[in-house]
Amino acid sequence: MMLFWFIAAGLIAIGLAFILPTLLQRDPPKDDRAKQANVEVYRDQLTELRADLTNGLISADQYDHDRDQIERRMLDDVTPSQVETGKPLSDVALKRIGVAIWFGAVASLLIVRIGLHFSSIELLASAQPTIGIFLFAVGAIFLFVRTNRAMAYALALLLPLMGVAIYLKVGNAGALNPSAMAAASEGTTQASIEANVAALAKRLEQTPDDADGWAMLGRSYVNLQKYKEASDAYARATTIKSADPDLLTEYAFVVAMNNGRQLKGRPYELVKQALQIAPENPKALELAGSAEFQAKNYDQAIAYWQKLLQKTPADSELGRSVSANIEEAKTLAGKK
């Protein structure tokens with residue numbers, strides 16, 4: 001629990017670090033304003049120079065030479081700290097920001113009445129009127145506080161308080177308890193996963209041409225070890241996207257799993273189809289080698305796996321597995 005609040009406090013501090021320096025900054029001395037005007041002139045010159053380069057009026061070498069000269073003159077006129085110094089927000093800017101925030105506050109209170117069923121709007125509705133009050137308060141600071149320094153102090157106090165208020169409104173402090181988190185994770189049962197998969201299948205009935213959706217459904221069934229249903233889903237996906245080698249190899253895998261891990265027949269046909277489209281596809285090469293190994297065509301299996309090994313780091317898990325398969329195939333082929 002304490003760790004969470006420390007992290008939250010750190011994030012608030014980072015946010016304030018972006019806001020407060022500008023508000024606390026003083027106006028530059030009058031004597032420096034002429035130098036700042038010069039900086040703007042130099043920036044305009046650099047902009048024009050880039051435009052000339054883009055339009056082909058000068059060469060790249062000429063651009064580099066002229067840019068260096070302008071930058072040197074700018075450094076002679078103005079120190080780096082003065083170049084980067086910005087001005088505090090003006091009264092007009094503060095009022096504009098305040099009005100914009102008030103519009104946001106009104107919109108946040110009205111949008112939840114529209115009746116749209118989006119998760120973000122539902123979350124906004126659950127946080128009202130806290131968020132609306134927070135925005136009105138921030139807007140009032142920008143509208144009625146007359147000095148940047150006073151505004152900085154007000155925001156530094158208000159933002160953390162309102163952040164805690166919003167969290168207490170929409171958050172769940174109890175979820176920070178380790179035992180509660182463990183209980184929540186146990187709540188993700190097999191039944192709930194299957195319910196989500198069923199919902200996806202139902203949605204695809206309304207959008208039957210969604211190849212990516214059918215592929216996702218197939219992968220979901222694979223995770224549930226429902227290979228027959230996965231095979232049907234991949235069949236729909238490959239009907240729509242027949243030239244996708246990755247889909248074809250995934251389809252071949254689930255058909256093989258549904259057939260007792262045997263790649264002979266339809267799975268190997270799909271693998272060959274994938275190799276015709278993408279001869280270097282790693283998954284297709286791996287399955288092709290396994291299919292030939294199952295058929296005791298060890299030389300062909302070795303050829304596929306060696307081709308795969310050329311594209312696989314030898315010290316990777318896949319590389320070690322393929323190397324072991326090649327050695328086994330060589331032994332069975334009588335080459336060792």
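Reader: Which residues form one aromatic cluster?
Author: Phe 293, Tyr 298 and Trp 305 form it. The model is a predicted one. By the pairing rule, the count comes to 2 aromatic pairs.

Reader: What makes Phe 293 and Tyr 298 an edge-to-face pair?
Author: Their ring centres lie 5.4 Å apart, with 70° between the planes. Pairing needs centres within 6.5 Å, and edge-to-face needs over 60 degrees.

Reader: Why is the pair of Phe 293 and Trp 305 called tilted?
Author: The centres are 5.8 Å apart and the planes make 40°. Stacked means under 30 degrees and edge-to-face means over 60, so 40° falls to the remaining class, tilted.

Reader: What does the pair of Phe 293 and Trp 305 tie together?
Author: Phe 293 lies in helix α15 and Trp 305 in helix α16, so the pair ties together parts that are 12 residues apart in sequence.

Reader: How do you know whether Tyr 298 and Trp 305 are buried or exposed?
Author: Compare each value with the cut-off: buried means under 20% relative accessible area. Tyr 298 has 16%, so it counts as buried. Trp 305 has 3%, so it is buried too.

Reader: Where is Thr 312, and why is it called buried?
Author: Thr 312 sits in the loop between α16 (298-309) and α17 (317-332). Its relative accessible area is 12%. That is under 20%, so Thr 312 is buried.

Reader: What does the side chain of Thr 312 reach?
Author: It reaches the backbone oxygen of Leu 308 at 2.8 Å. The limit for a polar contact is 3.5 Å, so this distance falls within it. Leaving aside neighbours within four places in sequence, Thr 312 is in contact with Leu 318 and Gly 319.

Reader: What makes α13 largely enclosed?
Author: Of its 14 residues, 10 are buried, so the rest of the structure largely encloses α13. The buried residues include Pro 245, Tyr 251 and Met 257. Among the elements covering them are α11 (211-223), α12 (227-240), α14 (266-277) and α15 (282-294).

Reader: How do you know that the span of α13 is close to the one expected?
Author: Helix α13 covers residues 245-258. From first C-alpha to last, α13 reaches 20 Å, and 20 Å is expected at 1.5 Å a residue.

Reader: What caps the N-terminal end of α13, and which residue follows the helix?
Author: Asp 244 is the cap. One of its side-chain oxygens lies 3.0 Å from the backbone nitrogen of Asp 246. Gly 260 follows α13, with a positive phi near 70°.

Reader: Why does the span of α10 agree with expectation?
Author: Helix α10 (residues 190-206) has 17 residues, which should span 24 Å at 1.5 Å a residue. Its end C-alpha atoms are 25 Å apart, which agrees.

Reader: How do you know that the buried residues of α10 are on the same side?
Author: The buried residues of α10 are Val 197, Leu 200 and Leu 204. They cover an arc of only 55° around the axis, so they lie on the same side of α10. An α-helix has 3.6 residues a turn, so residues three or four places apart point the same way. The face turned away from the buried side carries the exposed residues Ala 191, Lys 202, Glu 205 and Gln 206. What covers the buried residues of α10 includes α11.

Note on methods: Residues are numbered from 1 along each chain as its sequence is written. This is a predicted model: local features need pLDDT of at least 70, side-chain atom pairs count only at pLDDT 80 or more; totals for chains, interfaces and linings use all residues. Side-chain values use heavy atoms; hydrogens and water are left out. Helices (H or I, at least four residues) and strands (E, at least two) are DSSP runs, numbered from the N terminus. Buried means under 20% relative accessible area, exposed over 50%, partly exposed in between (1.4 Å probe, protein chains only). A polar contact is a pair of N or O atoms within 3.5 Å; within protein, one must be able to donate a hydrogen and the other to accept it, and residues adjacent in sequence count only if both atoms are side-chain atoms. Contact means heavy atoms within 4.5 Å. The expected span of a helix is 1.5 Å times one less than its number of residues. The arc is that of the directions from the helix axis to the C-beta atoms. Rings of Phe, Tyr and Trp (its six-membered ring) pair if their centres lie within 6.5 Å; planes under 30 degrees apart count as stacked, over 60 as edge-to-face and the rest as tilted.
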